Amino acid sequence: MKATGIVRKVDELGRIVLPSELRKTMHVTVGDSFELFTNENTVVLKKYEPGCILTGAMEDLLEFQGRKVSRQAIKELAEMAELI
């Protein structure tokens, strides 16, 4: 992890503002989603990138009706359905 030297306070609604410099650097735009991870006293924000809706895989994805599906999942489904 890289320290930025930026400190922000939490407001009364529990929000923290991401500085514009950080938003530009990380290509964050209005409406982007983030995942939150915790480890002891550390909170990590990660830009949300949806994976395969069936397996969660993040590589070799195709988009089908607005959802991401991995080629491997498609292959396994085709085998189950005895299409191949």
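**View 1. Three salt bridges turn up in this predicted model.** Taking a side-chain nitrogen of Lys or Arg within 4 Å of a carboxyl oxygen of Asp or Glu as the test, the count comes to three. The pairs are Asp 11 with Arg 15, Lys 47 with Asp 32, and Arg 71 with Asp 60. The next three views take them one by one.

**View 2. Here is Asp 11 paired up with Arg 15.** The closest N and O atoms of this salt bridge sit 2.8 Å apart. Asp 11 has a relative accessible area of 26%, so it is partly exposed. Arg 15 is partly exposed too, at 47% relative accessibility.

**View 3. Lys 47 reaches Asp 32 in a salt bridge.** For this pair, 3.4 Å separates the closest N and O atoms. Distant parts of the chain are linked here: Lys 47 belongs to strand E2 (residues 42-47), while Asp 32 is in the loop between helix H1 (20-25) and strand E1 (34-39), and the two are 15 residues apart. Lys 47 comes out as partly exposed, with a relative accessible area of 28%. Asp 32 is also partly exposed, with 28% relative accessible area.

**View 4. Now for the salt bridge between Arg 71 and Asp 60.** Its closest N and O atoms are 2.9 Å apart. Because Arg 71 lies in helix H2 (residues 71-80) and Asp 60 in the loop between E2 and strand E3 (61-64), the pair ties together parts that are 11 residues apart in sequence. Arg 71 is partly exposed at 44% relative accessibility, and Asp 60 is partly exposed with a relative accessible area of 48%.

**View 5. Ser 70 is tucked away as a buried residue.** Look for Ser 70 in strand E4 (residues 67-70). With a relative accessible area of 3%, Ser 70 falls under the 20% limit and therefore counts as buried. Leaving aside residues up to four places away in sequence, Ser 70 touches Cys 52, Thr 55, Ala 57, Glu 59, Asp 60 and Leu 61. One of these contacts, Asp 60, is the salt-bridge partner of Arg 71 from the previous view.

**View 6. A nonpolar patch shows on the surface.** Ile 53, Leu 54, Leu 77 and Met 80 make up the patch, and together they have about 440 Å² of accessible area. Leu 77 lies in helix H2, the helix that also holds Arg 71. A relative accessible area of 43% makes Leu 77 partly exposed.

**View 7. This is the largest pocket, with a volume of about 920 Å³.** The lining consists of 23 residues, and the ones closest to the pocket centre are Thr 4, Leu 18, Leu 22, Val 43 and Leu 45. H1 and E2 each supply at least two residues of the lining. E2 gives the largest share, six residues.

**View 8. Arg 8 sits in the segment before H1.** At 45% relative accessibility, Arg 8 is partly exposed. Arg 8 touches Ile 16, Val 17 and Pro 19, once residues up to four places away in sequence are left out. Between Arg 8 and Leu 18 there are 8.2 Å in space, C-alpha to C-alpha, and the two are 10 residues apart in sequence. Leu 18 is one of the residues closest to the centre of the largest pocket.

How values were computed
Residues numbered from 1 in each chain as written. Predicted model: local features only at pLDDT ≥ 70, side-chain atom pairs only at ≥ 80, totals over all residues. Heavy atoms only, no water. Buried < 20%, exposed > 50% of the residue type's maximum accessible area, 1.4 Å probe, protein only. Helix = DSSP H or I, 4+ residues; strand = E, 2+ residues; numbered from the N terminus. Patch = residues over 30% accessible without salt bridge, like charges linked within 9 Å, V, L, I, M, F, W, Y side chains within 5 Å. Areas by Shrake-Rupley, 256 points an atom, 1.4 Å probe, with all protein chains shown as cover. Contact = heavy atoms within 4.5 Å. 1 Å grid on protein atoms, 1.4 Å probe; cavity = no way out; pocket = protein on both sides within 12 Å on 5 of 7 lines; lining within 4 Å. Points joined across faces, edges and corners; volume = space filled by probe spheres on them.
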